[in-house]
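The sequence and the structure are shown here for reference.

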Amino acid sequence: MRSHSYAVLAAFKTLILPNIAALSDAQCAQLRAYVEWGGGLVAKYETSLYDEWGVRRNDFGLGALLGVRFKASVEGPMQNSYLRLETDPATGKRHPLLAGLEDAPRIINGVRRVEVEPTQSFPNPPLTLIPSYPDLPMERVYPRVQKRDVPQVYSRELVDHPVNLKSQNLKLSGRVVYFPWDIDRTFWGVLAPDHFKLLRNAVVWATNEQPRITVTGPAVSRKRLHLAWTHVAAEYPDEMPAGSSRMQEADLVYEDGKPHLANQRLIIDSRDLPFKCTLETQNYRPPDERELIFSAYGYQGTGVVGIELMTKKVVNYSNAPGQYDEPEGIFPEGLHTLVECDKQNLKGAGNVDLWKLKLDGSREYERLTHFSDYPGYKASNPVVSDHGRFVAFQMARSTEAAGVGHGIFVLVMK
């Protein structure tokens, strides 16, 4: 981590320190000042336990900010260890850090943790430790202790911290979340959704403000606040002919505390295509986003089609009559898209698997999953991570409606 002035750090609502173990005294002072001025901080594991030369300190350089001190030991790798999700006995509610985990009494712990003790008051900690226990032999695989009042997340707010700035007397408050275990490294290794939710909630809580804009939609730009969507005649019977559909796009702007759509324009009406189909937007094609990839339902079965947004040139990338090809997640380099496809059996949308289609007109496919090889099952609804290394999708039964699934799977791309 490089040293930065407050003017640089102030541009960020929250700083995330993913086990930044080595920090100089000057860097620690900058981080303390940042939080005292109202910034949010999320830190993990051994953050600030070493100086800039890699020499371990007797205590955390950020100990006063985190509200804990180092107890001179690190446990791990832990074999079987869990975390209890606690409810505040006074309110009967859980801490916002546990949002999305309402039905879980416990979740898996990380691999390594730092032994710490609090130097501040942390009443009703939302996560507590269930100690590690053997993983073999099987007759000894059971928790010896069901509950210990050892917090495994420390969250605190510097309320109304006074700051004097020339003639101004300001009162600012910053929030700090500290996980004394390797939550981010464990999440990267096992991709447990529970750990992702904890990390997300920690950032939201530390930031301490409502997001100005949340963007969702069938086709959302990765470069700007811009999205595309589909209208079908059944939704607008008074203005669209029966059986028609259209794709539109707009900018998302934020004015007077409210988001709204601006600069709306028609991309294309299905009646202007050289073939008959129902349109559905899917993805802006990276990296320049000059083309929109969409599904052409009912054309050649269903096809993967692109339209250049400026010229309106339409390209049929699947071009496979009688084959079901529905584009879903697109890869970040823009050279391939994921496709729900029945190329392996030609039995229709209920018997699809995931394929990777090259977007150059060559019709070059690569099969990624084989769920439909087992009668009655399919793989569907895939998305690609922003770096292209992971694909998430669901398993479903062939007879179930589109979108219904049973479990989320993660495929690691080579």
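**Charged contacts and the sheet**

K13 counts as exposed, because its relative accessibility is 52% (exposed means over 50% relative accessible area, buried under 20% and partly exposed in between, with a 1.4 Å probe and protein chains only). The model is a predicted one, in which local features need pLDDT of at least 70 and side-chain atom pairs count only at pLDDT 80 or more, while totals for chains, interfaces and linings use all residues. Residues are numbered from 1 along each chain as its sequence is written, and side-chain values use heavy atoms, with hydrogens and water left out.

- The structure holds 20 salt bridges, a salt bridge being a side-chain nitrogen of Lys or Arg within 4 Å of a carboxyl oxygen of Asp or Glu.
- One of them joins K13 to E209, with an N to O distance of 3.5 Å.
- This pair links distant parts of the chain, 196 residues apart: K13 lies in the loop between helix 1 (6–9) and strand 1 (14–17), and E209 in the loop between helix 5 (193–207) and strand 10 (219–220).
- Helices (H or I, at least four residues) and strands (E, at least two) are DSSP runs, numbered from the N terminus.
- E209 has a relative accessibility of 37% and therefore counts as partly exposed.

**Other salt bridges**

- R271 and D269 form a salt bridge through their side chains, at 3.0 Å from N to O.
- R271 is exposed at 55% relative accessibility, whereas D269 is buried at 9%.
- Salt bridges with shared partners join E75, R113 and E115 into one network.
- Within this network, the closest N and O atoms of R113 and E115 are 3.0 Å apart.
- R113 is buried, with 3% relative accessibility, while E115 is partly exposed at 22%.

- Three strands form an open sheet in the order 5-4-7, with antiparallel pairing; two strands pair if DSSP finds at least two bridges between them.
- Strand 5 (106–108) and strand 7 (127–133) stand at the edges and have a single partner strand each, so one side of each is left without a neighbour in the sheet.
- From one strand to the next, the twist averages 30 degrees (axes are lines fitted to C-alpha atoms, and angles run from 0 to 180 degrees between N-to-C directions).
- Strand 4 (residues 80–85) pairs with strand 7 over five bridges in the antiparallel sense.
- Opposite R84 stands T128 in strand 7.
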